[in-house]
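Subject: Structure handover and notes

Hello,

The structure I promised is below, with my notes after it. Please read the notes with the coordinates open.

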Amino acid sequence: MTISEKKIYPRTNDTHTVYLKNVITDPNIDVGDYTMYNDFVYDPRDFQKNNVLYHYPINSDRLIIGKFCSIACGAKFIFTSANHTLSSLSTYPFPLFFEEWELDKKNVTDSWDNKGDIVIGNDVWIGYEAVVMQGVTIGDGAIIGTRAIVTKDIPPYTIVGGVPAKPIRKRFSDEVISQLLSIKWWEWSNEKIKKNISAIQNGNIHELQ
């Protein structure tokens, strides 16, 4: 199941919402089909410039976003290079200014602690101006509240909010969550999803066909 490589705007006459996959050029950002981003302040096509921060090629860390995610205006993903090392006696990034201090250029990444990739599951909703920090994994079906700051992994189908983000509640029972993770409806064909949209919206897993 794929969307047209040329289709950027899902809705007619709406230039604030884009299919994110089709506006990304950075090879270290991987976005699944139908994931959308809405921005009513800036051009949503500039997502990787305005919303993916401190994401420098030297670290080879990746932003991975699954299918059918909804990302609200101003959500940010902050990577390793914003994370000054805590193992040094000073937080000042001396290796970054190797010319000034006559240091070896190849050690520039010693300026920060590398926390790794940011991985967002499928069907995740990230609220207005939420911030996801480096090294975090967000499970399928999770919801990140408005202006929450996510510093730790979020389990599937869990609603979180606050600074730092903490669990508020699970969206469904453990049994239903287990079934959803097994079904993986986001991997279905377009035809099967269309057939089941009513059941998906009704929130009754037993109606899925």
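A residue is called buried here when its relative accessible area is under 20%, exposed when over 50%, and partly exposed in between (1.4 Å probe, protein chains only). This is a predicted model, in which local features need pLDDT of at least 70 and side-chain atom pairs count only at pLDDT 80 or more, while totals for chains, interfaces and linings use all residues. Residues are numbered from 1 along each chain as its sequence is written, and side-chain values use heavy atoms, with hydrogens and water left out.

Overall layout

The chain has 209 residues, of which 42% count as buried. Its secondary structure comes to four helices and 15 strands; helices (H or I, at least four residues) and strands (E, at least two) are DSSP runs, numbered from the N terminus. Along the principal axes, the C-alpha atoms fill a box of roughly 65 × 40 × 25 Å.

Two separations give a sense of the distances within the chain. Glu102 and Val160 are 58 residues apart along the chain, and their C-alpha atoms are separated by 46 Å. Glu102 sits in the loop between H2 and S8 and is exposed, because its relative accessible area is 74%. For Lys192 and Tyr157, 35 residues apart along the chain, the C-alpha separation is 22 Å. Lys192 belongs to helix H4 and is partly exposed at 33% relative accessibility.

Surface patch

Tyr92, Phe94, Leu96, Phe97, Trp101 and Leu103 make a nonpolar surface patch of about 560 Å². Patches are built from residues with over 30% relative accessible area and no salt bridge, with like charges joined within 9 Å and nonpolar side chains (Val, Leu, Ile, Met, Phe, Trp, Tyr) within 5 Å. The accessible areas come from the Shrake-Rupley method with a 1.4 Å probe, and for residues only the protein chains shown count as cover. Phe97, one of the patch residues, is in the loop between strand S7 (76-78) and helix H2 (98-101). Phe97 counts as partly exposed because its relative accessibility is 38%.

Pockets

Rolling a probe the size of a water molecule over the atoms shows where empty space is left. The search used a 1 Å grid over the protein atoms alone: a cavity is a set of points where a 1.4 Å probe fits but cannot get out, a pocket is an open set with protein on both sides within 12 Å along at least five of seven lines, and lining residues have an atom within 4 Å of a point. Grid points are joined across faces, edges and corners, and a volume is the space filled by probe spheres set on the points.

The largest pocket holds about 560 Å³ of space. Its lining has 21 residues, and Asp123, Trp185, Ile197, Ile200 and Gln201 are the closest to its centre. Helix H3 (174-183) and helix H4 (190-202) are the elements that give two or more residues to this lining. H4 supplies the largest share, seven residues. By class, the lining of the largest pocket has 14 nonpolar, four polar and three charged residues, where Ala, Val, Leu, Ile, Met, Phe, Trp, Tyr, Cys and Pro count as nonpolar, Asp, Glu, Lys and Arg as charged, and the others, Gly among them, as polar.

The second largest pocket holds about 280 Å³. It is lined by 13 residues, with Met36, Phe68, Cys69, Ser70 and Asp123 nearest its centre. That lining divides into ten nonpolar, one polar and two charged residues.

Salt bridges

There are eight salt bridges in the structure, each a side-chain nitrogen of Lys or Arg within 4 Å of a carboxyl oxygen of Asp or Glu.

Arg62 and Asp117 meet at 3.2 Å, N to O. This pair links distant parts of the chain, 55 residues apart: Arg62 is in the loop between strand S4 (52-53) and strand S5 (63-65), and Asp117 in the loop between H2 and strand S8 (118-120). Arg62 is partly exposed at 39%, and Asp117 is partly exposed at 24%.

Lys67 pairs with Glu187, the closest N and O atoms being 3.3 Å apart. Lys67 lies in the loop between S5 and strand S6 (70-71) and Glu187 in the loop between H3 and H4, so this bridge ties together parts 120 residues apart in sequence. Lys67 is buried, with a relative accessible area of 17%, whereas Glu187 is partly exposed at 48%.

Glu129 and Arg147 form a salt bridge of 2.7 Å, N to O. Glu129 is in the loop between strand S9 (125-126) and strand S10 (131-133) and Arg147 in the loop between strand S12 (143-144) and strand S13 (149-150), so the parts tied together are 18 residues apart in sequence. Glu129 is partly exposed, at 30% relative accessibility.

Regards
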